[in-house]
Amino acid sequence: MEDTNFSDKLDDKVFKSINEINDLSDKKMVELTANLETLRSAIHNFSFSMYKEVAKTETGNIFYSPFGIHLIMFMASTGAASKTFDEIVATIHLNESSHSMETYRKLLEDLTSAKDNLKLATGMFVDTDVDVKDSFVKNSKKYLKSSMEKLDFKNDPEKQRQYLNNWVLIQTNNKIKDFFSSKDSITEMTALVLVNAVHFKSDWAHKFKDVYDGYFYVTPSNEVTVKMLNLTRDFQYYHDTVLKFKALELPYKHHGFKMIILLPDDKDGLNNLENNFSKFKLHDISEKMTQEYVDVELPRFKIEQSLELDKTLSNLGCPTMFIPGAANFSNIAEDVKLHLYVTKVLHKAYIDVDENGTEAAAVTSFTLRKGSRRSKDFVVDHPFIFFISTMCNFILFVGRMTKID
């Protein structure tokens, strides 16, 4: 009898332990899900703040990867301290409590585990004379999937510039060429270069059936002849009658990613749409979409764009990292006498959209120096905004098409 009671008590303890473990596991999953939602929201808000800042100087087409920029800035923030850290984190729409390397690791795993459509590569390239803290290297490798290489910037910067250009070319499937185009982008004073490459390629879930000559209205009175793609079928669709734009979701094959197009009702309505960015979120638009029978006409287009983001990022809230003597990256280098500061933030992006699908690539670098069944019409024949995101609305690429060459 005593043995039976002992056995029962032991079983109770085992079951209690299992339940406690399950409770902890469930709690951790809930917490991780909440953190991922916070990160999704941060990337969304950063995407739109970047767009508004870039649009101040770029009057034509725009294309960039807010995700790639966000990732490399997050990486830089893990090596920053004091005011430099605070500014970078605030600029990427996080704070001290939501700045989580574990959450970023989960995001990167989720993005790259589904299919081969999306490939990410992050590299840390350090001058042979610079001793980088083990903690920065380990965290970058473990949480951000970064590689680490030593390069002799001091004695042969030109050779290393060509090496980095080749690294970028390989990681972007030969789409981003001569990324470090200027010889002074890599010099003998270069201490550290952080680089991130994003490459996306996928067929449409529903390929366009017809291609024909059509018109794209750069302005209501200025039309150019373009190749138009056409397909009529069920799509996720939404029309905002207040802000006066239509939204369409074009899924990619395997349904892990999608393109969302925001098309102003008026041919000259792009400015009005941009001015109302604060009044909507992509996630909310997706929630409001319903399945409709839509006649889609979309132009073939290709964009390649280079951006220098020094002033952009400074204006968005992190000027200190560019100031010699004021920037604090003491969590990167062992030798505080190096006085590391950011000299250049470069970004280059490429996209090619045709009847079969989409190929897009982007590279970001931080260079640190010592010191009804009736079809609805969706005719994309005038300036529009588009996004490539996951089905859960993690924004990877953002674009604006105002003219087609």
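Two strands pair if DSSP finds at least two bridges between them. I took helices (H or I, at least four residues) and strands (E, at least two) as DSSP runs, numbered from the N terminus.

**Entry 1. Basis**

I worked from a predicted model, in which local features need pLDDT of at least 70 and side-chain atom pairs count only at pLDDT 80 or more, while totals for chains, interfaces and linings use all residues. Residues are numbered from 1 along each chain as its sequence is written, and side-chain values use heavy atoms, with hydrogens and water left out.

**Entry 2. Strands E8, E14 and E15**

I looked up the partners of E14 (residues 384-390). E8 pairs with E14 in the antiparallel sense over 6 bridges, and Ile 260 has Phe 387 in E14 as its bridge partner. E14 is also joined to E15 (residues 395-401) by 6 bridges, and these two strands run antiparallel. Here Phe 387 has Val 398 in E15 as its bridge partner. I noted that E14 and E15 form a hairpin with 4 residues between them, and that Asn 393 in the turn has a positive phi of about 70°. I then checked burial, where buried means under 20% relative accessible area, exposed over 50%, and partly exposed in between (1.4 Å probe, protein chains only). E14 is mostly covered, with 7 of its 7 residues buried.

**Entry 3. The open sheet**

I traced an open sheet of 6 strands in the order E3-E2-E4-E12-E11-E10, with mixed pairing. Its edge strands are E3 (146-151) and E10 (301-308), each of which pairs on one side only. The twist from one strand to the next averages 10°; axes are lines fitted to C-alpha atoms, for helices over the stretch in contact, and angles run from 0 to 180 degrees between N-to-C directions. Within this sheet, E4 (residues 190-203) and E12 (residues 357-369) pair in the antiparallel sense over 13 bridges. I found Gly 357 in E12 as the bridge partner of Asp 203. Helix H2 (residues 66-77) packs on the sheet and touches E2 (118-127), E3, E4, E11 (341-353) and E12; its direction makes about 150° with that of E4. Contact means heavy atoms within 4.5 Å. I also recorded that H5 lies across E2 and E3, running at about 140° to E3.

**Entry 4. Val 193**

I selected Val 193, which is found in strand E4. Val 193 is buried, with a relative accessible area of 0%. Not counting residues up to four places away in sequence, Val 193 touches Gly 123, Met 124, Phe 125, Phe 153, Leu 164, Phe 180, Ile 186, Phe 366 and Thr 367. Val 193 and Leu 151 are 42 residues apart in sequence, and their C-alpha atoms are 9.9 Å apart in space.

**Entry 5. Helices H4 and H5**

I examined the axes of H4 (residues 101-113) and H5 (residues 134-144), which come within 8 Å and cross at roughly 40°. Angles under 35 degrees count as roughly parallel, over 145 as roughly antiparallel, 65 to 115 as roughly perpendicular and the rest as oblique. H4 and H5 are therefore oblique to each other. Met 101, Glu 102, Tyr 104, Arg 105 and Leu 108 in H4 meet Asn 139, Lys 142, Tyr 143 and Leu 144 in H5. I sorted the residues of this contact into 5 nonpolar, 1 polar and 3 charged.

**Entry 6. Nonpolar cores**

I counted as a nonpolar core a set of buried Ala, Val, Leu, Ile, Met, Phe, Trp, Tyr and Cys residues joined through side-chain atoms within 4.5 Å. The largest has 114 residues, and those with the most contacts inside it are Phe 67, Met 73, Tyr 104, Leu 262, Leu 313, Phe 329 and Phe 366. Helix H1 (residues 2-54) gives the most to this core, with 10 residues. Leaving aside its neighbours within four places in sequence, Met 73 is in contact with Phe 46, Ile 88, Thr 91, Ile 92, Leu 313, Cys 318 and Phe 366. I found a second, separate core of 18 residues, which includes Val 168, Ile 186, Val 195 and Val 363.

**Entry 7. Positive phi**

Most residues other than glycine have a negative phi. Lys 244 is found in the loop between E6 (222-240) and E7 (245-251) and is partly exposed, with a relative accessible area of 45%. His 254 lies in the loop between E7 and E8 (257-264) and is partly exposed, at 46%.

Definitions and conventions:
Nonpolar A, V, L, I, M, F, W, Y, C, P; charged D, E, K, R; others polar.
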